[in-house]
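Before reading on, please take a moment to look at the sequence and the structure together.

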Amino acid sequence: MSRKFTWFNATALTLGFAFLYLPMVILIIYSFNESKLVTVWAGFSTKWYGELMQNDAFLSAALVTLKVAALSSTFAAILGTMAAYVLVRGGRFMGRTLFSGMIYAPLVMPEVITGLSLLLLFISIGLDRGIFTIVLAHTTFAMCYVSVVVSSRLVTFDKSLEEAALDLGCSPFDAFISVTLPIIAPAVISGWLLAFTLSLDDLVIASFAAGPSATTLPMKIFSSVRLGVSPEINALSTIMISIVTVGVITASLISKRSIGQRERDEQAALKQ
Amino acid sequence: MAQPGNKPVFAPWNDPSKKPLIQFKNVTKKFGEFVAIDNLTLDIYAKEFFALLGPSGCGKTTLMRMLAGFENPTSGTILLDGQDIAKVPPNKRAVNMMFQSYALFPHLSVANNIAFGLKRSPMPKQEIPARVEEMLRLVRLEQFANRKPHQISGGQRQRVALARSLAKAPKLLLLDEPLGALDAKLREDTQFELMDIQEKTGTTFVIVTHDQEEAMTVASRIAVMDHGQIIQVDTPDKIYEYPNSVYVADFIGDVNLVKGRIGASDGEKYSINWAEGQPAIKAAGPAGIAPDTECHFAIRPEKVAIAMEKPTDKPNALQGRILDIAYLGNVSTYHVELDNGIIMKAQMANNRRISRRDLTWDDHVWVSFTETAGLVLVK
């Protein structure tokens, strides 16, 4: 179905995208600004990228962030998948409805409250705050996102595939590893990616859970911005935007290609 | 006894010395308050092709899932080869199942789907490829070994599912509506293929279906089920010709059912009074039905003859008017309205081209049948 080009459509599209992307475009442009003053354009330069590479505080914060994101998203993917599997497949048990409701609670819980409660917990059990506690905190709130993504996949999963595996001699664990997991892998991976991004840009919970020994990139950026926006931060943000853009485009290309390939295969099979 | 030179008849159910492979003994299965299987007892013998037939919700699938191990009976016992299988989990049973949806593993190739069960069996690793090859040959899919399930057609998927469930050479193969997803022509071919494979491998097959033609085609015996109970177990011809109840007669094939009361009787011959002012229908039935019992007279349409003149050689002749003619190519079915409004279907083979044009709508005709053509049913 093709629609005619109209000025109304064009304007609506432009306005909408401008609303979404103009701030980011401005940020990217100013990251190439020669001047130290953020709001005054003084010619093109990449010097802030060079300076960023020299800034140990930012680099170590970036390293901490990546470590935390990688660890917490992995834990969240494992725990979230397990939770989703039990809630979807576990059959009826006492309090099942309560549990499946409770797993979604962190989605709507204000981050400040999650952060505060975790802080109180860490203090009361005498846990030293650092990378480990940030990983714990991020795992806690990211696993419910993973379990939402995975359980929506499991609901549409043909249960007879698991039964066929059992029927052919698998133990229930073997059936999960060799049949269920490979099939739901895309959901687990997108859950993992979601958890990774959530952890990457979380500020509030990390601020509560982090001790003096560990600072994540969002915390570092936020604290430096309070002293004034520097072009270095613009450069850093541009790098993050490009990483995310490349990731999103790659992921969508991969899934689009695999869907297209599958459709072509099915067409070919039907023709035979 | 089989005569010398005759093919011995396969009928272990008539041989008391044979031990059944599967025995259901007073099996009941409840889901909450719902009774899916109601105190059911059934024997199935080795090498049988046994069909469980019934409408959806009659419990046939539950019965099959209990054999596979996905459900356990609420009470009663199921014996496989004389052993109680209630405590045996599905992965430890010498039973394999072909699923209605085929349940092929989408991430594995055709060959790996077939090898899946073998890799989890005691079979030595180096023998697996040969067995997979053998199964592929059996279902004629050698050139598709490396395809993924979504790269082959529905009929081919169905054959992969069959090969996969047969690969471990189970004592018992369960088929859950195996041909439901195929179109009519392919289904017919596959039915004969199934029978062929069953004979070649000597495996006991239990098939669940709601398609009575399919059951009649493939099965050595059919169990007709309703509301968790077995109404009749018999060979396809017995089920068709000697249904034990109105339910079975009506479920299998087309039938004329006339409600009436037993009048005079002479041994196994009865007259049935079915309408005021009409001659009683003379029919055979089981001995010992008391007079005045309410009953149904059942007769298949192909056993009812139709003619313009009153036939003199048939004990039963009823007058009526042609209401409808369904021309099906090989046969035509005439709907004849009898004088009291009851519709009787009569079927005639069209063994001559464009003949029988002497019978047409609104003609006054005679329908007739012999004394043994129909049955008296009291259930």
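A strand, as the word is used here, is a DSSP run of E with at least two residues, and strands are numbered from the N terminus. With that in mind, the place of D234(B) can be given: this residue belongs to strand 10 of chain B, which covers residues 229-234. The model is a predicted one, and every value below is computed from it.

**One residue and its surroundings**

Is D234(B) buried, exposed or partly exposed? A residue is called buried when 20 or more other C-beta atoms lie within 10 Å of its own, and exposed when there are 12 or fewer. Because D234(B) has 18 C-beta neighbours inside 10 Å, this residue counts as partly exposed. If residues up to four places away in sequence are not counted, D234(B) touches R221(B), I222(B) and I239(B). V378(B) is 144 residues away from D234(B) along the chain, and the C-alpha atoms of these two residues are separated by 19 Å.

**A sheet in chain B**

Further along chain B, five strands make an open sheet in the order 15-19-16-17-18, and their pairing is antiparallel. Strand 15 (305-307) and strand 18 (343-349) of chain B stand at the edges with a single partner strand each, so one side of each has no neighbour in the sheet. From one strand to the next, the twist averages 45°.

Strand 16 of chain B, residues 316-327, is joined by six bridges to strand 19 of chain B, residues 364-369, and the two run antiparallel. Along this pairing, Q319(B) stands opposite W366(B), while A317(B) stands opposite S368(B). Strand 16 of chain B is also joined to strand 17 of chain B, residues 331-338, this time by seven bridges and again in the antiparallel sense; here D324(B) faces H335(B) as its opposite residue. Strand 17 of chain B in turn pairs with strand 18 of chain B over seven bridges, also antiparallel, and Y334(B) stands opposite A346(B) in that pairing.

Two of these pairings are hairpins. Strand 16 and strand 17 of chain B form a hairpin with three residues between them, and G329(B) in the turn has a positive phi of about 90°. The hairpin of strand 17 and strand 18 of chain B has four residues between the strands, and in its turn G341(B) has a positive phi of about 95°. As a general point, the side chains of a regular strand alternate between the two faces of the sheet.

**The domains of chain B**

How does the domain assignment divide chain B? The assignment gives domain 1 as residues 12-247 and domain 2 as residues 254-377. The C-alpha centres of domain 1 and domain 2 of chain B lie 39 Å apart, and the contact between them involves four residues of domain 1 and five residues of domain 2. On the side of domain 1 of chain B that touches domain 2, three residues are nonpolar, one is polar and none is charged.

**The two chains**

The table sets out some overall values for each chain.

| Chain | C-alpha span along principal axes | Buried residues |
|---|---|---|
| Chain A | about 70 × 65 × 35 Å | 29% of 272 residues |
| Chain B | about 80 × 50 × 50 Å | 39% of 379 residues |

In secondary structure, chain A has twelve helices and zero strands. The radius of gyration of chain A is 23 Å, well over the 19 Å that the globule rule gives for 272 residues, so chain A is more spread out than a compact globule. Chain B, for its part, has eight helices and 20 strands.

Contacts along each chain can be sorted by their separation in sequence. Among the contacts in chain A with a separation of 6 or more, 76% are between residues 24 or more positions apart. In chain B, 64% of the contacts between residues at least 6 apart join residues at least 24 apart.

Finally, the chains meet in a contact that takes 21 residues from chain A and 20 residues from chain B. On the side of chain A that touches chain B, helix 8 (159-167), helix 9 (172-201) and helix 12 (231-271) each supply at least two residues. By class, the residues on this side of chain A are eleven nonpolar, four polar and six charged.

Notes. Residues are numbered from 1 along each chain as its sequence is written. Chains are lettered from A and ligands numbered from 1 in the order in which they are written. Domain bounds come from an automatic or database domain assignment. Two residues are in contact if their C-beta atoms, placed from the backbone, lie within 7 Å. Ala, Val, Leu, Ile, Met, Phe, Trp, Tyr, Cys and Pro count as nonpolar, Asp, Glu, Lys and Arg as charged, and the others, Gly among them, as polar. Two strands pair if DSSP finds at least two bridges between them. Axes are lines fitted to C-alpha atoms, for helices over the stretch in contact, and angles run from 0 to 180 degrees between N-to-C directions. The radius of gyration is taken over C-alpha atoms; the globule rule is 2.2 Å times the number of residues to the power 0.38.
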